[in-house]
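Please look through the structure shown below alongside these notes, which are written for someone meeting such a model for the first time. Each point can be checked by finding the named residues in the viewer.

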Amino acid sequence: MKFYLALWASKFYLSISKIFGQSDSDKSGLLAAKICPEILTKINKPKTVIAVTGTNGKTTVTHLIYDILKSDGKKIGFNTWNANTRAGHIRCLIDSVNIFNKPNKDIALLECDEMTSDTTFPEIKPTFVIVTNICRDSIRRNSYPEFIFNKINEGVNKTNESVLILNADDPISSFLGENNKKVFISVDKLNDDEVYTNISPDFIVCPKCNSVVNYEYKHYRHIGKFKCPNCKLESFKGDYRVSKISGKTFTLNGVEYPKLSDNLFNIFNESLVIVLLKNLGYDFKFIREALNNTTIPKSRENLEIEKGIKIYSQMAKGQNSSALSTVLENLSKLNNRKQIVLLLDEVYDNPYSSETITWLYDSDFELLNKLNLEKIVVTGPRYLDYIVRLKLAGVPENIIEVSKDYKEAYKLLNLDGKSDIYVLYEVEERPMSREVVESLKERIRNEVE
């Protein structure tokens, strides 16, 4: 009775929320958990449950999966606003059953926070677990990569029936799941796999014998092919391998697919989605057509062109050195002239605490010197911290501009059309980034002939 009381109360709350346009909330899940703490184990799940976790790329992967499966007419339980903790999972699964606890969806798609995967995976029992990568994240939130590995590993080890879809080029996450069936993706060595980093990689020491490992090549950060010179432990072989990346396509196991992004990390994300769809029984023709009709979520990257001036919006997680460094590394491989707006503060997190700034010194700001950079605009409450970091990185002072108020940052950019403009923003600062972009577009319309 406690379970059904929780189910009915939360479904009633969810119905009222939908009427008032407030359904993008996990409050109904919090209510259900308060009434019946073990509700996740008692609620019936759809036939297929897909869980997506990892340090970076979770939202991109889940939204691509959702868009493609929805286009095939599948009924999907999915929190489109990325509620990725236990309350969000409860809310999603409550919406996936009727009042008698009978599934009314074909698939449940859950973005899962890596910090809670040790407890939620055994309760959810996913059919498939996709792990995008494990790398350095916020010290305050996620401690260090080995800690996150242990969290996810504990979760999948309690769900041996789950099929793991993993990145063979990530020497950390590829070792997850001792007893699970695993399917690996990988990307062959590329011509531009010359990685610059001022920071030590996240994977240096062999987990088997503690020797320093050798890398045959790296795509970025620690993502690549390694081998231990002592015990010969090495990267797993990809069951699905990207062998070629061209202008608008890439080739995976001999089949050409549309490339949704020029960023290499999104080639990995897209490949994970393709492998999942293959394991769900879809053929390459359907997958290729579906990818032709979808895009990377605009909340993650977007291009707008106003009177010939290109404006790129690119998410770079605040306090996540791997995310920012990977974005900068990808930008460094582009030859175009650039202007950048940095909008990376996390002051929203807790107004009564100090934001951790150590991640600034764990990020490769030195890469800015390889970006063919015309100007960089620093904005937000932490602008002084960013100026210090940029100077230590050797960025010339004459190209650094400061706007204490982010709403004024667009005024400092040049509009001569000689450079492309990039707005790099933190997850929770997308609304602010949209203000900057919209103000910039309006200025272009008024000032550029």
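The numbered points below go from the basis of the model to its cores, a helix, a serine, its rings and its charged pairs.

1. Basis of the model. This is a predicted model, in which local features need pLDDT of at least 70 and side-chain atom pairs count only at pLDDT 80 or more, while totals for chains, interfaces and linings use all residues. Residues are numbered from 1 along each chain as its sequence is written, and side-chain values use heavy atoms, with hydrogens and water left out.

2. Nonpolar cores. A nonpolar core is a set of buried Ala, Val, Leu, Ile, Met, Phe, Trp, Tyr and Cys residues joined through side-chain atoms within 4.5 Å, where buried means under 20% relative accessible area, exposed means over 50%, and partly exposed lies in between (1.4 Å probe, protein chains only). The largest nonpolar core has 71 residues, of which I65, I340, F365, L368, I376 and L424 touch the most other members. Helix 9 (residues 264-279) gives the most to this core, with ten residues; helices (H or I, at least four residues) and strands (E, at least two) are DSSP runs, numbered from the N terminus. Apart from this core lies another, of 39 residues, including L40, I148, L164 and L176.

3. Contact means heavy atoms within 4.5 Å. When neighbours within four places in sequence are left aside, I340 is in contact with L331, L368, L371, L373, K375, I376, V377, Y422 and L424.

4. An enclosed helix. Why can helix 6 (residues 117-124) be called largely enclosed by the rest of the structure? Seven of its eight residues are buried, namely S117, D118, T120, F121, P122, E123 and I124. What covers the buried residues of helix 6 includes helix 3 (39-42), strand 1 (48-53), helix 5, strand 3, strand 4 (128-131) and helix 8 (145-157). Helix 6 is followed by K125, whose phi is positive, near 55°.

5. A serine in a loop. S363 has its place in the loop between strand 14 (338-343) and strand 15 (373-379), and with a relative accessibility of 0% S363 counts as buried. Not counting residues up to four places away in sequence, S363 touches I199, S321, L324, S325 and R389. The C-alpha atoms of S363 and T326 are separated by 9.2 Å, although these two residues are 37 residues apart along the chain. A polar atom of the S363 side chain lies 2.8 Å from the backbone oxygen of W359.

6. Aromatic rings. Rings of Phe, Tyr and Trp (its six-membered ring) pair if their centres lie within 6.5 Å, and planes under 30 degrees apart count as stacked, over 60 as edge-to-face and the rest as tilted. By this rule the count comes to 13 aromatic pairs. F3 and Y4 form an edge-to-face pair, with 5.0 Å from centre to centre and 75° between the planes; F3 is buried at 8% relative accessible area, whereas Y4 is partly exposed at 28%. The rings of Y144 and F147 have their centres 6.1 Å apart and their planes at 50°, so this pair is tilted. Ring pairs also link F175, F184, F203, F226 and F236 into a cluster.

7. Salt bridges. Side chains of opposite charge can pair when their charged atoms come close. A salt bridge is a side-chain nitrogen of Lys or Arg within 4 Å of a carboxyl oxygen of Asp or Glu, and the structure holds 27 salt bridges. In one of them the side chains of D95 and K18 meet at 3.2 Å, N to O. This pair links distant parts of the chain, 77 residues apart, with D95 in the loop between helix 5 (86-94) and strand 3 (107-111) and K18 in helix 1 (residues 2-19).

8. Being four residues apart in helix 13 (residues 430-447), R434 and E438 are separated by about one helical turn, and E438 is partly exposed, with a relative accessible area of 34%. Salt bridges that share partners join E304, R434, E438 and K441 into one network.

Terms used. Polar contact = N/O pair within 3.5 Å; in protein donor to acceptor, adjacent residues only side chain to side chain.
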